[in-house]
Amino acid sequence: MPAFPVAAREALADTQLRRNLAHATGTIRAKRAAVVGEVAEWEELRLAGAAIKDNTLRRLDEHLLTLEAALQARGATVHWARDAREACAVVAGIARDHGVDEVVKVKSMATQEIGLNEVLAEHGVTAWETDLAELIVQLGDDLPSHILVPAIHRNRAEIREIFRREMGAAGRPAPDGLTDDPAELAGAARLHLREKFLRAKMAVSGANFAVAESGTLVVVESEGNGRMCLTLPEVLVSVVGIEKVVPTWSDLDVFLQLLPRSSTGERMNPYTSAWSGVTPGDGPQEMHVVLLDNGRTRALADEVGRQALRCIRCSACLNVCPVYERTGGHAYGSVYPGPIGAILNPLLKGVGVDEQTDSLPYASSLCGACFEACPVRIDIPEVLVHLRSQVVDAHRGGAPKPEAVAMKAASWVLSDARRLGLAERGLGVANRALTRFGRRVLPGGRRALSRLPWPGSLWTDARDLPAPPRESFRSWWRKEKR
Amino acid sequence: MTAREEILAAVRGALRDADRTEAAVPRGYRSATAPDVVELFAERVVDYRAGLTRCTTAELPGAIRAALGAARKVLVPEGFPVEIDGTAAAEAGTTAELAAFDAVVTTAALGIATTGTLVLDHGPGQGRRALSLVPDIHVCVLREDRIVPGVPQAVAALDPARPQTWISGPSATSDIELTRVEGVHGPRTLHVIVVAGPPSGRV
Ligand code: SF4
C-alpha cells in the first residue's frame, strides 16, 4: 500500500468519488446533528462513555478474566489470540472440526482487520459477507472505504453491474431484468443471501460490546443479516477485540444511546441483538468467543494513545473530517480509515515499521472536528501530534523528510530578526508578481491568487490562494511609529 | 506461555504505571424523563415507517386481524395471549419451515418511548429469536404500561441472562447511495399495536 500522500493524490483525481463522498458524509452529518440535538444530556453521555471506557481500560486484565469466566459459565468456549494469524487459525480450526466449507458473516471490523476471509479461503472455506454493502464490496472484489457504509464509493449503476456479473458464480444469480432501483437491488440481495442463511451451519461475527459481568455480547445492525447469522446456524464464532469490554450490563445504557445517534444518525438502529452464551432451544447451541489482542496491548501501553481504545467504531469522525471527505477511505490503506484510522493504525502496528503507517498521523488538518463529533471524546488531534513526534523520532538519523526540511528552514528564518526582515521584504516582490497571475478578491476583501505557475498550480487549480499582504507588519510598524 | 497468559501479561505491563482508581461516571442522564411516554412512543414508531394501531383489550383481536391484512400463514408463538382464527401456532419447525410463513404475531417485553423501540426478550408470547425474523410481516402487540421513557430505564428493567432483540422500525438498509430501503433480510413490514387498558388485563 502506498503512503497516504501518494494514495490520496490518486483518490483526489477521481471526481466521481469526491462527489459521492461529499454527498454521503454531508447527509450523515446532517442526520447526526439533528438526532444529537434531541438529547439534552448529550455532553454528559459523552463524559460518561469516556469515563466508563477509561475505567475499564485501566483494569482491563481484571475485566477480561471476569468476561472469560462469565462466558464459560454460560456455555461458551473462550479462545485467546495474540495476533491475526492466531485468531484466524482458531476460526479455521472450528470450521474444520465441523467439516463446513462455507460460513456466513456479520459485518465486523475485527475480522477484516485480521484478514479472516482470505485465511479461511486458504483452508477451503468460503466466507460469505451478508451485510449488503459488504456483499457489494466482496462481489466487486473491492475494498471497503468507510466503517459504516463500506460501499459508499459505488453508485447504483455500478452495483447493478456487479450483481448481474458476479451473483451467479457465488450462488443464486441476480433476477433477469434487474434495474438499478435501490429497492430492487436490495431485493436481489435478499433472495441471494436467504439461500445462504438457510443452509449455513456456521456463522462468524464480531461484537460491538462485551459485558464482563454477565458474559453478554451485543451486535448492532440494520438489515437483519446480523440476526440471521446470530440465530440460524448451529455454530457461532465471535471475534472480539479485547478493548470491547464494558464492566456491567447497566453500562450499556450509555453506549446504546451514543452509538446509533453518532453512527447512522438514527435514534436507534433497527436491530440490536444481545446474547449471553448458549440459550437452550434458541439460536446456536455451540458458541465460541475469540479474544483478540493484535496490537491492542501495544496501544494500551501508550499513555497518550491509549484513549483510542475507547473507540466504539461509530464513524462519526470520518463524516466530519475534511481530509476523509476528499480522499475517501482507500487512501488510508487500512480497514480503519479516517481520523480514527490515522491514530489507530500506528498505535496497533507501531511507528517506524513501514512508511505507509508512518504517513497516517500526517493525514489530517488538525482542525479538531473529529474530537467534537466523537461520542467517547477521543482527543484525536492530541494523539495525532503525539504520534507525529514519535514518527519524527523513529526517523531521526535517516534521510530528512520534506516536512522536517521545511520546519528547519522556517526555524532558521524565524529565529533571527534580520533574516525575518529580509524574508518579509520578499513578500513585496511576490506582490508585484501578483499582477501577472489572474488576481481575484476573496469574500471579505482579501486579494487572492487564482492561477500560479507550476508548482504553485497544484494548489491553485483547485482553490484560491490568499495573497500575501502588500506590506509586512514589521515595516508597517516602523512606518506608523515615526 | 499460552496466548492467554501472554495477553494478560502484556495488559498488566502496559498498565504498570497507570492509576487504577476508578473515575466517577456522571449518571444524571438516568433521571431524564419523557412527558407522555405513550404518545411519544407512538410518534416515534410511526417515524420509523412502522404501522401503528392503538386499541383497547376488547378491540385487540380485530386489530390483529386488520394488521395481518392478506397474510394467510400466520405464526403464533406459544403463550401468545389472544386467540387468532385460522392460524397455526408453530413453536417447532425448521428454519426452512419458518420461511414458508407470511407473518408472525408476538408480544414484547417492553417499549422505549424516546427511540420508538420494541424489546423482545423471547419469553412466552414472543417465541425464539428466529420467529420474529424470518417471516416478512411482524405484528407486535405491546401493552401501554410496558412503555418506559428511555434507554436507561429499559436497560435497568431487562435481564442480560435472556437473549434480547431490540427492534426499531422494519429491517432497513441505506447502503445504496444512502437511499433508505425497507427490508433486506428481516421483516419488511412491522406493525405495532399499542393496547390501552387496565394493567392487569391480559396481553
Ligand atoms: S474515534 Fe470516536 S468518532 Fe471516530 S469512530 Fe471511534 S468512537 Fe466514533
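Where in chain A does Cys321(A) lie? Cys321(A) is found in the loop between helix 14 (316-320) and helix 15 of chain A; helices (H or I, at least four residues) and strands (E, at least two) are DSSP runs, numbered from the N terminus.

The model is predicted, local features need pLDDT of at least 70, side-chain atom pairs count only at pLDDT 80 or more, and totals for chains, interfaces and linings use all residues. Residues are numbered from 1 along each chain as its sequence is written, chains are lettered from A and ligands numbered from 1 in the order in which they are written, and side-chain values use heavy atoms, with hydrogens and water left out.

Figure 1. Cys321(A) counts as buried, at 8% relative accessibility (buried means under 20% relative accessible area, exposed over 50%, partly exposed in between; 1.4 Å probe, protein chains only). Neighbours within four places in sequence aside, Cys321(A) is in contact with Tyr332(A) and Pro339(A) (contact means heavy atoms within 4.5 Å). Cys367(A) is 46 residues from Cys321(A) along the chain, and 8.4 Å separates their C-alpha atoms.

**Figure 2. The aromatic pair of Phe4(A) and Tyr332(A).** Over all chains, the structure holds 3 aromatic pairs. In the pair formed by Phe4(A) and Tyr332(A), the centre-to-centre distance is 4.8 Å and the planes are 55° apart, a tilted arrangement. Rings of Phe, Tyr and Trp (its six-membered ring) pair if their centres lie within 6.5 Å; planes under 30 degrees apart count as stacked, over 60 as edge-to-face and the rest as tilted. The pair links distant parts of the chain, 328 residues apart: Phe4(A) belongs to helix 1 (residues 4-12) of chain A, and Tyr332(A) to the loop between helix 15 (322-327) and helix 16 (338-349).

**Figure 3. The aromatic cluster of Phe4(A), Tyr324(A) and Tyr332(A).** These three residues form one aromatic cluster. Phe4(A) is buried at 7% relative accessibility, and Tyr332(A) is likewise buried, with a relative accessible area of 0%.

**Figure 4. The fold of chain B.** Chain B has 5 helices and 11 strands. Its C-alpha trace spans about 65 × 45 × 40 Å along the principal axes. Of the 203 residues in chain B, 55% are buried. Among contacts in chain B between residues at least 6 apart in sequence, those joining residues at least 24 apart make up 72%.
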